[in-house]
Structure formats: structure tokens, C-alpha cells
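Hi,

Here is the structure I promised to pass on. Have a look at it first, and then read my notes below.

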Amino acid sequence: MKDIMSIVFRLTLTCLMAATVMGAAFIITNKAKKHNEHVREERTMYALLGYSESKPAPVSIVLHQIYRYIITEGEVQFVSYLIPTGSGKSGAADAYSLVSLDLQGKMVDQKPVAIDGEKIREREDRDKAVIAVAGPGKEVRFADHTIIVTDNGKRIAYLLGGKFPGFKTFIGVMLALDPQYTMVGMEILEHEEDPGLGAEIEQDYFKNQFQGKAFTTLKGLKVVKEPLPADYQQALEGGLAEADMAKVMEQYKEKDIYALTGATISSKSVTDGVKGMVKKFAYRLDSLDKVLKEQQIAVSF
Amino acid sequence: MTNTKSIGQLLSRGILSENPIFKLALSMCPAVGISTTVMNGVMLGVAVFFVQVFSSVTISLFKDQIHPRIRIPSYTLTIATWVTVIDLVLAAYMPGAYAKMGIFVKLIVAFAIITMRLEMFACKEKVKDSFWDGVGMGLGFLVGMVAIGFVRELLGSGTILGYDVLGFKPLLFFILPCAGFFVVGLMMAFFNWIEVVYKQKRGVRS
């Protein structure tokens, strides 16, 4: 009996010590880890826009973050956008506004939000600021995060992150669209599809099929169960000379998405998910732009 | 085992006469699984080195407090703690390497060589000796991983540390997992052969 007590005591003590050491290590490294994640995310964004370390983006390129919130008050729902209203130049003071629209796309109100550029990235801080501005008695829910890319004040692309159900769990993607909502590129950020089958969605020969699809094509995009043509596959994987590649990509621009072998459901969920994201985004941005123009709200993008 | 040993002896034992991979044949899974390039070998070797040294010192420090009946749980907890710490540090300060090695770093918890050194050495010996024993064993593992990685990378992809040295790929077979067994086996034979030759020569001389 005495033995047992001693064992229990010692094991508990060991666990406590281990927990202390691990906790301390976590606290020390957490900030750097978060920073790494942020850097990785940013690198993905620039890669989608066609920039890399060897070809850095010019300083005239600015990313403007837009966060969409759903605010519910009793039975009424509003869609609110947290948008930057400053000059947008790096170094200038950050200013943000929460613009609320009703479901018909009419503006309800606009309120300034007191938050700085560092804090707005952190979900918790951002949510708190929005709740404070929205006022009491309202349910605030974060919906999604979009980035508008401008070059010298002119819009050149949109980056939108999103999640949709895949075959097993949610698939997280980031899409790059040009101002006409033509697909520039897609990156799969997270998924848990089956290795060798559904997991092939992150391979170039699948995800690059979305490249260059115009908005009208995207709206009616379907999945076909046909083998991927050899020349198209080569072009998708970057195995051809640039001129040939452009030609082949042009040829297949209006074709549907070729399903992955043995992973039709994964292919279909990605296609439908992307389609839905782009369609909704186009509708929302058009209504937001309309309101911003009508109300003459100065924004940085 | 109670007689005191010099630092040199402790070090050379880990690297040569009791090399974890070639002599003790412990922790073969990583030796076979991920030693496809020199860089992989270095990365895992360094991680194991730190875990081994920290765990050896920790166990040696607390050896009188560890109840003999719960030795193994205590060792496992110690190793798991240090592996977690190293995992967090790598994730925070070496994100590029961590993206490749992350999964394998967590596996170090189950490496036989570390538990074995704690059970055989650290729980009986002084802290200083345990430290040098840990350093020796960690270096031995590192050397083994790098040696296997060198052979496999050179013969499999024709490169060393990513630099193209041969200009062609001699045998793709060497990067595949099964080749790990062949390389480890051949190198084990090679090490033993050197030892036999060395001993014979010395025997002749004396």
C-alpha cells in the first residue's frame, strides 16, 4: 500500500514537471510559430499571384483585407464587411469601418472600428472589436476573409479563402481571381482526403485545371468522368514549352473538369465548392461595390 | 560498469564500438525509413542527439527519485517531454525543415536507442558520465544516419546535400524503402569487417 502511494505520488509529480516544461516551451515558441504560419499564408498568396522569392512583388502591390461577418438581431440578419478605409499605403495610419448591408443589398449603417493592422489578423481580437461596434444583443459570426489586391490603386486580383465539405472532412482552399472573376489559380491549403485517391486534388494536374476558366464557364462547371487527355496533362504539369502550354490551356479553357480516377466525389466536391465560392463572391462584391459607390464611402481598394 | 570511464572512452563507445545503428542494431525504423538523403539524416540525427542528451541528463539527475517499478513510464514521459520541446522549437525557428521532418520528429518518442541508454546507463551512473554517454550515442546515431543517407542519396539520386555530383541517377532503387535494409546490412557488414581486420592487425603486432 505504501508502495502504491509512493508510485502515484511520483508519477503525478513527473507528469506535473513534464507539463511545466512543455508548457514553458509552448509559451516561448508560440509567437514564432504563429508568425511562420502567417508568412506561409502570405507566400501562398503571392505564389498564386505569380510572385516568388526570385521574383518579388513590386511595392505598388498592396493587399487589402476584407472580413465578412454575419450579424443577427432577433429575426433580422445583416451582412457586415470589415473594410479598410485608410489611404491603403503602407505606413499610413490604419482605419477600418464596419459596413452593414441587409439581405436585399441596401446599406444599413457604417461604423468606424478601432483596431490596428497587427491586431486585425488575430481572429479573437478582431471578433471582439466587431462585437463591441455592433452593439449589445446581437449575435456576431465570422464568415470569411477576402483579399483585394491592387497595383497602384487599380484592382488586379482577388484572393479568397474558403472551406467546403470534401469526401471526408472539409477542404480548405485559396482561390485567386482576376477583376473579371476569371480563375487565376487555386491552392489546396488543407484536406484529409484518401492518400493516392482524393488526395490527388492537390496535384498540379487536377488543381491547375481550374486555371484560366472564365466566370461564365465557372458558373456552369461540371465534372466529367473521362480520361485526362495526354497533352492537357503535360501542360497542367508544366512539362511543355511556354508557347505550347498556353495553346493547350487555351484549347481546354471551356472544358469541364476531368475527374480524378477513383475519386469522383472529391473531384466533384472541389468543383462544386469552387463554383459556389466564386459565384457567391461575385454577387457579394458587386453589391458591396454598389453600396460603397452610392454612399460614397472612401475605401483603400 | 561501475568503474569510472574517461570522456574519450564514453564518446568513442557510442560512435564506434557500440554504434546504435551498426552495432546495437537499435532504432532501425528511422535508419531504413527516412535516410534517403544526407540532409534528412542530419536533421533527424540532430533531433535524436538533443533528445538523447537531455533525457540522459534528466534521468541521471533524478535517478534516486525514480521508483524502480515505474522506471519505464518515467523514461517515456521524460523522452516525450523533450521530444515535444524539440518539436516546438523546430516548428517555431526552422519552419522549412520542420515541414519535411515534422512527422518523424514526433516518432523519436518510440526510438529504442534512447530508452535503452536510459535503462542501461543513465539510471546508474553520474550526471557527468551520463551526459557524455548521451553525447556519444547521439553522435553515433547521427554519424550512422548521415553515412546511410550519403550512400543512398549518392546512388539513388546522384546528389549530395542536393548538389548534383554525378550528373545522372545511377539506381533509383536506393531511394525506395527496401533499399534501406540493403544499405544498412551492407554497412553493418563493412563496419564489422573493419573491426575484425583492425583487431587482427593489432593481435599480430602484439
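Before anything else, keep in mind that this is a predicted model.

Let's start with chain A. If you trace H1(A) along, you'll find a bend of about 45° at A:Thr29. A:Thr29 is also one of the buried residues of H1(A). Others on that buried list include A:Ser6, A:Ile7, A:Ala18, A:Asn36 and A:Leu48.

Still in chain A, go to the loop between strand S7 (170-177) and strand S8 (183-190), where A:Tyr181 sits. A:Tyr181 isn't a glycine, yet its phi is positive, at about 65°. Is A:Tyr181 buried or exposed? With a relative accessible area of 9%, A:Tyr181 falls under the 20% cut-off, so it counts as buried.

B:Ala25 is another residue other than glycine with a positive phi, near 55°. You'll find B:Ala25 in the loop between helix H1 (7-17) and helix H2 (28-33) of chain B. B:Ala25 has 37% relative accessibility, so it counts as partly exposed.

Next, a pair of packed helices. In general, such a pair is described by the angle between the axes and the distance between them. In chain B, helix H3 (residues 38-61) and helix H5 (residues 95-107) pack at about 60°, with their axes 11 Å apart. The crossing of H3(B) and H5(B) is right-handed. Which residues of H3(B) and H5(B) meet? From H3(B) they are B:Asn40, B:Met43 and B:Leu44, and from H5(B) they are B:Ala97, B:Met101 and B:Phe104. Sorted by type, the residues of this contact are 5 nonpolar, 1 polar and no charged.

Last stop: B:Ile175, in the loop between strand S2 (163-164) and helix H8 (177-205) of chain B. B:Ile175 has a relative accessible area of 29%, so it is partly exposed. Leaving out residues up to four places away in sequence, B:Ile175 touches B:Thr36, B:Arg152, B:Gly156 and B:Ser157. B:Ala122 is 53 residues from B:Ile175 along the chain, and their C-alpha atoms are separated by 36 Å.

Cheers

Terms used: Residues are numbered from 1 along each chain as its sequence is written. Chains are lettered from A and ligands numbered from 1 in the order in which they are written. This is a predicted model: local features need pLDDT of at least 70, side-chain atom pairs count only at pLDDT 80 or more; totals for chains, interfaces and linings use all residues. Side-chain values use heavy atoms; hydrogens and water are left out. The bend at a residue is the angle between axes fitted to the seven residues ending there and the seven starting there. Helices (H or I, at least four residues) and strands (E, at least two) are DSSP runs, numbered from the N terminus. Buried means under 20% relative accessible area, exposed over 50%, partly exposed in between (1.4 Å probe, protein chains only). Axes are lines fitted to C-alpha atoms, for helices over the stretch in contact, and angles run from 0 to 180 degrees between N-to-C directions. A crossing is left-handed if the near helix is turned anticlockwise from the far one by less than a right angle, and right-handed if clockwise. Contact means heavy atoms within 4.5 Å. Ala, Val, Leu, Ile, Met, Phe, Trp, Tyr, Cys and Pro count as nonpolar, Asp, Glu, Lys and Arg as charged, and the others, Gly among them, as polar.
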